[in-house]
Amino acid sequence: MSRFLLRRLGSAVLVLLALSVVLYAIFYLAPGDPAQLACGEKCSPAQVASVRRQLGLNDSVYLQYWHFLQGIVAGHDYSTGTAVMHCDAPCLGISYQNDQPVTQILVEKFPATASLAFGAMVVWTLLGVGTGVLSALRRGRFTERLLTALTLAGTAIPVFIIGILLLMVFCSYLQWLPFPTYVPLTADPQQWFWNMLLPWFALGLIESAKYARLTRSSMLETLAEDHIRTFRAYGVSERKIIGRHALRGALTPVIALSAMDLGTMFGSAVLTETLFGLPGLGQKLVTSVQGKDLPVVVGVVLVTGFFVVLANAVADVLYAVADRRVVLT
C-alpha cells in the first residue's frame with residue numbers, strides 16, 4: 001500500500017506540473033498585457049510599466065514560470081513600489097482585482113464548495129445506486145420502466161430548472177425551508193444543514209440519474225456472472241448474493257465516476273452556486289474570468305486539478321475495498 005501511495009503521489013505531482021505548464025502558457029502567454037489588466041484601463045504607460053516591473057513581467061518567460069513554481073514551494077515577494085509584500089507558500093500569485101493572495105481567496109471560497117460537493121455526492125450516491133439496484137432487480141417489470149423514464153428525464157433536465165422548481169415548491173409554496181443563504185458549518189451547523197438542503201438535492205438529483213443507469217447496467221452484468229449462479233446453486237440467500245457479492249462488484253465503475261465528479265465539482269458547480277448564492281470556487285472562477293483576473297483563474301483550475309487527482313487516488317484504494325479481486329500494484 002505504501003509503495004502504491006508513493007507512486008500515485010509521484011504521478012500526481014507530474015500531472016499537476018503538466019497542468020501548470022498548460023495553464024501558464026494559456027493565461028500568461030495569451031494576447032494581452034497582464035500588467036495592463038492588473039493596473040486597469042485608465043492607467044498611464046508609466047504606471048503600467050511600474051506594475052510590470054513589480055510583477056516581474058520584464059523577466060523572460062522561463063524565469064517567470066520558475067518564479068511561479070518557487071512561489072508554490074517557498075513563497076514569493078512582490079514589490080509594491082514602496083514596500084515588499086510577502087506571499088506565503090503555497091503562493092499562487094496575487095489577485096489583480098483586490099491585491100489579495102490567491103491562496104487566501106481560495107481558502108475563503110473553499111468551504112462553500114466543499115459543503116456543496118460532499119453533500120451532493122451523498123445524495124446522488126444514495127439515490128442513484130438505490131434506484132439502479134432496484135431497477136436491475138425489477139428488470140422487465142413496470143417498476144424498471146418507470147425508473148428508466150425518470151432517470152432519462154433527470155439526465156435531460158438542466159440543474160437550474162430543478163433548482164428553480166425546488167425553490168418555488170419548498171420555499172415559496174410550502175414554505176418548509178428558508179430561501180438558501182450560505183451559513184458556515186462552524187458558525188451554525190443546524191442552519192448550515194437547512195440552507196444547504198436544496199442545493200444538495202438540486203445538484204444530487206441531476207447527477208443521480210447517470211449513476212442509476214450506470215448501477216443498473218453494472219448490476220445486470222454482475223448478476224449474469226458465473227460465481228453468482230454458483231452461489232444460487234448452493235442455496236445462498238438472494239439478500240446475501242445482492243448485498244455481499246453483486247453490489248460490491250457493480251460498485252467499481254460507480255466509484256470511478258464519483259471520484260471524477262467529486263473532483264471536478266470544485267470548479268464546475270457554477271450554475272448551482274450562482275442559483276443559490278453560494279460564495280464558492282465555481283462562482284469565483286466565473287467572476288475572475290469576466291474580470292480577467294488571471295492568477296485567480298489559474299489558482300482555481302489548479303486546485304480543481306489537485307482534487308481530481310486526489311479523488312482518483314482514493315478511488316483506486318476503494319476499488320480494492322469494494323471488490324476483493326482488485327489488487328493494488
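# Reading the helix contacts and loops

Guide: Let's begin with a pair of helices: H8 and H10 cross in the right-handed sense. A crossing is right-handed if the near helix is turned clockwise from the far one by less than a right angle, and left-handed if anticlockwise. The model is predicted, so local features need pLDDT of at least 70 and side-chain atom pairs pLDDT 80 or more, while totals for chains, interfaces and linings use all residues. Residues are numbered from 1 along each chain as its sequence is written, and side-chain values use heavy atoms, leaving out hydrogens and water.

Visitor: At what angle do H8 and H10 pack?

Guide: Axes are lines fitted to C-alpha atoms, for helices over the stretch in contact, and angles run from 0 to 180 degrees between N-to-C directions. Here H8 and H10 (residues 238-268) pack at about 145 degrees, and their axes are 9 Å apart.

Visitor: Which residues of H8 and H10 make the contact?

Guide: A contact means heavy atoms within 4.5 Å. On the H8 side, the residues include Leu203, Tyr211, Leu214 and Met219, and H10 brings, among them, Ile242, Leu247, Val254 and Leu257. Sorted by class, the contact of H8 with H10 has 13 nonpolar, 6 polar and 3 charged residues. Nonpolar takes in Ala, Val, Leu, Ile, Met, Phe, Trp, Tyr, Cys and Pro; charged is Asp, Glu, Lys and Arg; the others, Gly among them, are polar.

Visitor: How many helices and strands does the chain have?

Guide: Helices (H or I, at least four residues) and strands (E, at least two) are DSSP runs, numbered from the N terminus. This chain comes to 13 helices and 2 strands. Its C-alpha trace spans about 85 × 55 × 35 Å along the principal axes.

Visitor: How much of the chain counts as buried?

Guide: Buried means under 20% relative accessible area, exposed over 50%, and partly exposed in between (1.4 Å probe, protein chains only). Of the 329 residues, 40% count as buried. As for contacts between residues at least 6 apart in sequence, 64% of them join residues at least 24 apart.

Visitor: Back to helix pairs. How do H7 and H8 cross?

Guide: The axes of H7 (residues 159-173) and H8 (residues 189-223) come within 9 Å, crossing at roughly 140 degrees. Angles under 35 degrees are roughly parallel, over 145 roughly antiparallel, 65 to 115 roughly perpendicular, and the rest oblique. H7 and H8 are therefore oblique to each other. The crossing of H7 past H8 is right-handed. From H7, residues including Val159, Ile162, Leu166 and Phe170 meet residues of H8 such as Leu198, Phe201 and Ile206. That contact of H7 with H8 divides into 12 nonpolar residues, 1 polar and no charged.

Visitor: Cys171 is on the H7 side of that contact. Is Cys171 buried or exposed?

Guide: Cys171 is buried, at a relative accessible area of 6%.

Visitor: Where do I find a disulfide?

Guide: A disulfide is a pair of cysteine sulfur atoms within 2.5 Å. The structure holds 1, and it is formed by Cys87 and Cys91, with sulfur atoms 2.2 Å apart. The link is right-handed, with 110 degrees about the S-S bond. Cys87 and Cys91 are both buried. Look at Ala89 and Pro90 too: a cis peptide bond joins them, with omega about -5 degrees. Pro90 sits in the loop between strand S2 (84-87) and helix H5 (102-137).

Visitor: What about H5 and H6: how do they cross?

Guide: Their axes come within 8 Å and cross at roughly 145 degrees. This time the crossing is left-handed. Thr131, Leu134 and Ser135 of H5 meet Thr143, Glu144, Leu147, Thr148 and Thr151 of H6. The classes in the contact of H5 with H6 are 2 nonpolar, 5 polar and 1 charged. In the loop between H5 and H6 (142-156) you find Arg138, partly exposed at 32% relative accessibility. Leaving aside residues up to four places away in sequence, Arg138 touches Thr143 and Glu144.

Visitor: Which loop holds Gln175?

Guide: Gln175 belongs to the loop between H7 and H8. Its phi is near 55 degrees, a positive value in a residue other than glycine. Gln175 counts as exposed, at 61% relative accessibility.

Visitor: And where is Glu41?

Guide: Glu41 is in the loop between H2 (34-39) and H3 (45-54), exposed at 81% relative accessibility. Glu41 and Ser237 lie 196 residues apart in sequence and 73 Å apart in space, C-alpha to C-alpha.
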